[in-house]
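Biologist: Could you take me through the reading of ring pairs, burial and helix packing, beginning with the general idea in each case?

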Amino acid sequence: MSKFLQILFTLLVLWLVSYAASQFVTTDFRDKIAVIPLEGTIVGSDMTSLLSSTTLKSKTIVDFIHQANKDDTIRALLLVINSPGGTVVASKEIVQAVKDSEKPVVAYIREIGTSGAYWVASASDYIVADELSLTGSIGVVSTFLEFSQLMEDYGVTYEGLKTGKYKDVGSPFRQMTDEERTLLLNKMQTIHNYFVADVAANRNLSEQQVASLANGIYYLGVEAVDLGLIDAVGSRELALNRTKELAEAEDIVEVEYKQTRYLSDILGKLSASSFYHMGLGIGKSLQMISLEERQRPFTL
């Protein structure tokens, strides 16, 4: 047997032994607080962030919240937020999961909890933020690259064939018309109004109050508490103590829910990503890639 196979066999045996041992570990029935980190940009898919820790898949957090609610030993949830927000639907999915939680939820904003991440925090029962953290930034943004002028400078022309009047809205190869810009802004305003109304309901504020703050600017923790966007400024310890109070338990332990990345997951994603981008390249060469794949979704 080669040295490589011996090492592989040894590792396999060690894994089997550790797995078997874990099946006999006595279950901890003590009361617990589920600590769920929300770090990075909130997205619906992590395909584009294969090996990066800067994005956060909404389904992961939603699953954690559901698991915590099904665990009878979990008395409350603490969301530790360090996120600038993310895409609209992905943020909304986590917001709904927080609202649906049958157990108390406390949000702690460490450095940044803005836009979609603040929306998530607003759905919790209590918000604590560091005094100098960034909060709020209620608004919607959508960005498009446009380099038609550059193409003109180099004598490159663009001819787009389409069957729908607005099918190529946001194309980087031509300037957007005033009508198209108005059309997209109206859609963004609809999302903005929904965002404002939901934050107002979550924070027991009037829509007028939240609308006056929904100018896209961020607020420091010390400002946000006076504006009613958060409940208190302080440390993670303060947030943890508040969580214990809502859980009505003194002797309680923390359990962190954190996604574990295994080598098989990474290799699987590498393979999937390779085929995805291979197909994307073929699609581009045939000029069949849809415009939607060149546009960024509305983000909070």
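Predicted model: local features only at pLDDT ≥ 70, side-chain atom pairs only at ≥ 80, totals over all residues.

Biologist: How many aromatic pairs does a search of the whole structure find?

Modeller: A pair of aromatic rings is described by the distance of the centres and the angle of the planes. Rings of Phe, Tyr and Trp (its six-membered ring) pair if their centres lie within 6.5 Å, and planes under 30 degrees apart count as stacked, over 60 as edge-to-face and the rest as tilted. The search of the whole structure finds 3 such pairs. In one of them, Phe64 and Tyr257 are edge-to-face, with 5.7 Å centre to centre and 80° between the planes. Phe64 lies in helix H2 (residues 58–70) and Tyr257 in the loop between strand E10 (253–256) and helix H10 (263–285), so the pair ties together parts that are 193 residues apart in sequence; helices (H or I, at least four residues) and strands (E, at least two) are DSSP runs, numbered from the N terminus.

Biologist: Are Phe64 and Tyr257 buried or exposed?

Modeller: Both Phe64 and Tyr257 are buried, where buried means under 20% relative accessible area, exposed over 50% and partly exposed in between (1.4 Å probe, protein chains only). Trp119 and Phe195 form a tilted pair, at 5.1 Å centre to centre and 40° between the planes. Trp119 and Phe195 are likewise buried, and ring pairs link Trp119, Tyr194 and Phe195 into a cluster.

Biologist: Which residues does Ser91 touch?

Modeller: Contact means heavy atoms within 4.5 Å. Leaving aside residues up to four places away in sequence, Ser91 touches Ile42, Gly86, Gly116, Trp119, Val120 and Leu300. Ser91 is part of helix H3 (residues 88–100), and because its relative accessibility is 0%, Ser91 counts as buried.

Biologist: How do the axes of H2 and H3 cross?

Modeller: Two packed helices are described by the angle between their axes and the distance between the axes. Axes are lines fitted to C-alpha atoms, for helices over the stretch in contact, and angles run from 0 to 180 degrees between N-to-C directions. The axes of H2 and H3 come within 9 Å and cross at roughly 5°. That makes H2 roughly parallel to H3, since angles under 35 degrees count as roughly parallel, over 145 as roughly antiparallel, 65 to 115 as roughly perpendicular and the rest as oblique.

Key:
Residues numbered from 1 in each chain as written. Heavy atoms only, no water.
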